[in-house]
Amino acid sequence: MKIACVGAGPAGLYFAISMKLRDPTHEIEVFERNAPGVTFGWGVVFSDQTVENLTANDPPSAKIIADEFAHWDDIDVHIHGETITSSGHGFIGIGRKRLLEILQNRARGLGVVLHFEAECDPQDPKWRDYDLVIASDGANSRFRDAHADAFGVDIDVRRNKFVWLGTSKVFDAFTFAFEETEHGWIWAHAYRFAADCSTFIVECSEETWRGIGFDEMDQGESIATCERLFANYLDGHSLMSNATHLRGSAAWLNFRRIKCERWNSGNVILLGDAAHTAHFSIGSGTKLALEDAIKLAEVLNRPVLSLEAAMDEYVAERNLEVLKLQNSARNSTEWFETLHRYLHFEPLQFAYSLLTRSQRISHENLRLRDREWLEGVERWFWKRATDGRSNKTAPPMFAPLKMREMRLENRITVSPMAMYSAEDGTPNDFHFVHYGERAMGGAGLVFTEMTCVSPEGRISPGCTGMWKDEHVGAWKRIVDFVHANSKAKMCLQLGHSGGKGSTKLGWEGNDLPLDDGNWPVMSASDVPWSPLNQTPRPMTRADMDAVRDQFVTAVRMGLEAGFDMVELHAAHGYLLSSFLTPLQNKRSDEYGGSLENRLRYPLEVFAAMRAAWPSDRPMSVRISANDWAGDNGITPDSAVKIGEAFAREGADLIDVSAGQTWADAQPTYGRMFQTPFSDKIRNEGRLATMAVGNIYEPDHANSILAAGRADLVALARPHLIDPFWTLRAAAQLDYRDVHVPPQYLNGMAQLARNLKREAEAAAALRV
Ligand SMILES: Cc1cc2nc3c(=O)[nH]c(=O)nc-3n(C[C@H](O)[C@H](O)[C@H](O)COP(=O)(O)OP(=O)(O)OC[C@H]3O[C@@H](n4cnc5c(N)ncnc54)[C@H](O)[C@@H]3O)c2cc1C
Ligand SMILES: Cc1cc2nc3c(=O)[nH]c(=O)nc-3n(C[C@H](O)[C@H](O)[C@H](O)COP(=O)(O)O)c2cc1C
């Protein structure tokens, strides 16, 4: 094949090498606008896995690269005058200039023709003469932008400013240095990539950048200012820029996250940064470019594959990898963009939060990297959880939590789950076994399902209720059993279904109206849940009084039944949620319109419940922190205000769920997908929160808690099939102080032994 590579960055050069290695008859030319040796940027970091991939693809160039790597293990985080050092991170780095030099030499040696100082114009007709044109022309690709529609380009310009500098100061550790100025915080990401040189990336918010005056400085002044701000770390060494072609403040950039729906069009194939970028804070851009190059060369040289089939395979495999990295990169980018959330953390927790920011590194990964450091974090967590009384080194999920006078044994909760199995609201033997078993399974807090304050307030005919005497006795039997046979506390979730009421049992069809026997429903406004559901009656003030009083009666009954805590369900599109979300609330009175107005009735109900509930027992509220409807609905920003408003009325915990507030919402689903909202509400509103949503590993729970993203972790579906989730986690983590019902002690010991043996066998296999 006759191939042109536009751009001699890592992607273009390594693709040319990889093609020639597979078939030396390919005619390959690489065109680069710069002269050899002129490049933007300093060092790049790699993982061991990337080095293995390079070695498998081209051992000679991999050996030269690996021999020149700078290695380092430690990460130093400098914050609030302290340095937190953790180890075992195993980085390798190399200068970008040197990497390109090695690749250029290797490419030349294999017969690739390199043209330097050759600016390429996508409109030039000469590109038609090539079988393939590889657009490896970087993040600002002209070849991509010339056909932006064909590639489905999506560019997200991120908010922080950064500048990529170098220094002769040799950093022994990967260094994050955070400095406070009168205009806000500014920080550096610094690492050594050669015996005498380090990368030094400076980053800050746009406000801080303007406040310091970087927007009006030329490059020399910018560098001098950074040298002054980071003098404590530079030991007299100067900072340098090699972006000499960029004038004035232009050396400062905003990171551009690039995604493309399609990676080829006509004879042009996008490769590396031209197709996708990953934020520099996870250091994976070069890795992606090199691995793209290997895979593309591999599929193009498989004789049985047509070009179309080769591209399909290439895109299918690489797209998944890119998506995973872009997800992690987004988390990492957002962490730095929302730094203000974490600045009140103590330095140790701040460092933990920084290290786990992308969600690629978890609690147990950190244990493998640096056990001693991680145990220090665990001791710190337990000390704080016990007001300094405990010196325990144990997983955060087993630390107690006190809310008012209620003390939870641990941080795991069974999330509320409707069981649709009651008759006329009365919980029965199913509920007795269901809740009893989950309490014995070790969770610190067990929520009831949404228990309805009136027959019309039920979602389905199978919902439990709290509106008549019989309910009190039936619930009391369950609560008494839980208190007598476990250490779990019980929280009564109270709700009213609103416009989502009068529907079938969950497994007969979600949110579908009953075949017969429907009852009239009411809501904030006459907005039906879907075209299939009833149009609700907008609530009158008399309805509001009646429902508020029903909630208060239910609270009193909950007290009689012995519950430890009460939660108001104001999420998921049910009655109170229909007031909060502008998607359902179309009222023009003082209960509709502004957020303040939409909060008015839910807060009134909450305050009345709080007044009826003993002041030594906690209360929570469940909210949907995101309608997944952009600015048309509740956004995470408004959720912080909602959380704060309930906290002012005496809520001790915000139970942070999301969505289910309109029928066609498309949530961005994934591991721990709602936890960022809990993080935001907790750390911007400084409120206690519970995270929920696709949290299923003990490692998830420990990472969330230690990083201060929530105070409690709720699991719903995992508890449906494994009521003993917490005890299993204790066995897995070898935590011995968990309460086990005495009847089950033998089983617990056996499980712990078996899991330990399995873990040892797996570790031996890895060695
Ligand atoms: C601040 C910062 C820090 C980074 N740190 C790391 C890190 O630690 N680890 C890591 O792996 N990645 C890092 N990256 C990302 C990394 O630099 C890129 O992902 C990587 O270089 C992508 O390789 P590429 O070949 O696709 O593009 P590039 O390296 O950008 O190469 C594109 C080449 O095309 C040339 N070119 C462009 N247009 C034309 C044209 N019209 N005609 C001729 N030539 C043209 C350019 O001059 C350039 O040489 C960082 C990026 C930034 C911005
Ligand atoms: C069967 C079932 C019933 C549910 N019922 C309720 C409920 O009554 N009240 C409530 O607030 N959330 C309810 N939820 C939502 C869960 O509490 C939880 O927020 C959601 O399932 C996400 O957590 P998970 O990924 O751990 O399952 C229910 C979820 C399931 C699976």
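Figure 1. Seventeen residues surround ligand 2, and the closest are S415, P416, A418, N694 and R717; a residue counts as near if one of its heavy atoms lies within 4 Å. By class, this shell holds eight nonpolar, six polar and three charged residues. Here Ala, Val, Leu, Ile, Met, Phe, Trp, Tyr, Cys and Pro count as nonpolar, Asp, Glu, Lys and Arg as charged, and the others, Gly among them, as polar.

**Figure 2. Polar contacts of ligand 2.** A polar contact is a pair of N or O atoms within 3.5 Å. Look for the side chain of R717, where an N or O atom is 2.6 Å from a ligand 2 oxygen. A backbone N or O atom of N694 lies 2.7 Å from an oxygen of ligand 2, and a polar side-chain atom of Q493 lies 2.9 Å from an oxygen of ligand 2. The protein covers 83% of the 600 Å² of accessible area that ligand 2 has on its own, by the Shrake-Rupley method with a 1.4 Å probe.

Figure 3. Polar side-chain atoms reach ligand 1 oxygens from E32 at 2.7 Å and from D273 at 2.8 Å, while a polar backbone atom of C120 is 3.0 Å from a ligand 1 nitrogen. The protein covers 91% of the 990 Å² of accessible area that ligand 1 has on its own.

**Figure 4. An aromatic pair, F46 and F69.** Rings of Phe, Tyr and Trp (its six-membered ring) pair if their centres lie within 6.5 Å, with planes under 30 degrees apart counted as stacked, over 60 as edge-to-face and the rest as tilted. The centres of F46 and F69 are 5.6 Å apart and their planes at 75 degrees, so the pair is edge-to-face. Both F46 and F69 are buried, meaning under 20% relative accessible area (1.4 Å probe, protein chains only).

**Notes.** Residues are numbered from 1 along each chain as its sequence is written, and chains are lettered from A and ligands numbered from 1 in the order in which they are written. In this predicted model, local features need pLDDT of at least 70 and side-chain atom pairs count only at pLDDT 80 or more, whereas totals for chains, interfaces and linings use all residues, and side-chain values use heavy atoms, leaving out hydrogens and water.

Technical notes:
Polar contact = N/O pair within 3.5 Å; in protein donor to acceptor, adjacent residues only side chain to side chain. Buried < 20%, exposed > 50% of the residue type's maximum accessible area, 1.4 Å probe, protein only.
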